[in-house]
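Hello,

Here is the structure I said I would pass on. My notes on it are below the files.

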Amino acid sequence: MDSIRINTSQNIDIDYEIAGLGERIAARCIDIGIFLALAIIFVVLMLIAQMGMSGYAAMTLFFVYMAIFVFYDLVCEMVMNGQTVGKRAMKIKVISIDGTQPTFSQYLMRWLFRAIDFGFPFGWGVVALVAVAVSKNHQRLGDMLAKTTLIKTTPRTQYENVAFSFLLPETYEPQFKEVLHLTDRDAELIHEVLVGYYQTNNTELIYALAAKIKSHIAVQVPAGMNELQFLEAVLKDYKHLTSIDH
């Protein structure tokens with residue numbers, strides 16, 4: 001699977017899968033379905049307006065619908081963290097190629113080139129299909145110019161099922177209560193790095209992440225505890241202190 005490297009809040013590089021053509025098409029179809037449903041509603045309202053009101057009311061409804069249609073993607077991606085309703089349903093989102101949150105100008109560039117990429121009014125255009133299929137990061141023309149792409153937001157491993165799959169004894173005593181300053185995503189990141197270490201024996205990420213976590217939660221590591229043991233202890237402490245049953 002093609003992936004993109006994103007620098008996390010802990011300044012650790014993690015690879016995310018780039019959304020494929022199938023996810024993009026499915027998201028687009030969901031958004032189109034929404035607009036087809038809205039079109040039916042607006043047609044009914046326009047007919048009612050024409051029967052009981054002046055033609056101005058019908059024209060107003062028409063322009064409201066067109067405004068929603070034209071600006072839907074731009075507004076949604078800006079206020080929904082790079083997603084439309086369809087993208088959220090398919091668990092994909094827009095992100096900059098360098099791994100950062102896209103700026104307004106990047107969202108605007110993607111939006112401006114939708115007419116070329118997708119065609120008018122609803123279709124998934126040939127330009128977008130070809131570009132996504134052959135480009136390195138599965139980018140349509142608007143993505144290439146905006147330096148963005150789409151990634152899958154679903155973790156490679158389900159956090160609730162895997163990250164804390166180990167069992168702790170009832171008598172377990174946490175060593176670092178400061179782990180409560182971490183978020184669920186921080187804990188998931190520690191798990192991903194540990195899994196990567198167990199598979200590749202790459203100590204570089206272990207040292208880097210351990211240093212960041214120590215600084216973030218401001219703890220002193222006991223003598224004789226190495227970075228790997230520290231991260232494992234942090235993960236266990238986090239599970240213990242945030243457990244629903246605790």
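Predicted model: local features only at pLDDT ≥ 70, side-chain atom pairs only at ≥ 80, totals over all residues.

Helix pair. Two packed helices are described by the angle between their axes and the distance between the axes. For α10 (residues 203–217) and α11 (residues 227–242), the angle is about 55 degrees and the axes are 9 Å apart. That angle makes α10 oblique to α11, and the crossing of α10 past α11 is left-handed. On the α10 side the contact is made by Ile206, Tyr207, Leu209, Ala210, Ile213, Lys214 and Ile217. From α11 come Glu227, Leu228, Phe230, Leu231 and Val234. Of the residues in this contact, ten are nonpolar, two are charged and none is polar.

In α4 (residues 104–112), the residues Gln106, Tyr107, Arg110 and Trp111 are buried. Viewed down the axis of α4, the buried residues fall within an arc of 135 degrees, so they line one face of the helix.

Loop residues. His138 is not a glycine, yet has a positive phi of about 50 degrees. His138 sits in the loop between α6 (126–134) and α7 (141–146). With a relative accessible area of 18%, His138 is buried, because the cut-off for buried is under 20%.

Lys147 also has a positive phi, near 60 degrees, in a residue other than glycine. Its place is the loop between α7 and β4 (148–152). Is Lys147 buried or exposed? Lys147 counts as exposed, at 57% relative accessibility.

Regards

Notes: Residues numbered from 1 in each chain as written. Heavy atoms only, no water. Axes fitted to C-alpha atoms, helices over the stretch in contact; angles between N-to-C directions. Helix = DSSP H or I, 4+ residues; strand = E, 2+ residues; numbered from the N terminus. Parallel < 35°, antiparallel > 145°, perpendicular 65-115°, else oblique. Left-handed = near helix turned anticlockwise from the far one by under 90°. Contact = heavy atoms within 4.5 Å. Nonpolar A, V, L, I, M, F, W, Y, C, P; charged D, E, K, R; others polar. Buried < 20%, exposed > 50% of the residue type's maximum accessible area, 1.4 Å probe, protein only. Arc of directions from axis to C-beta.
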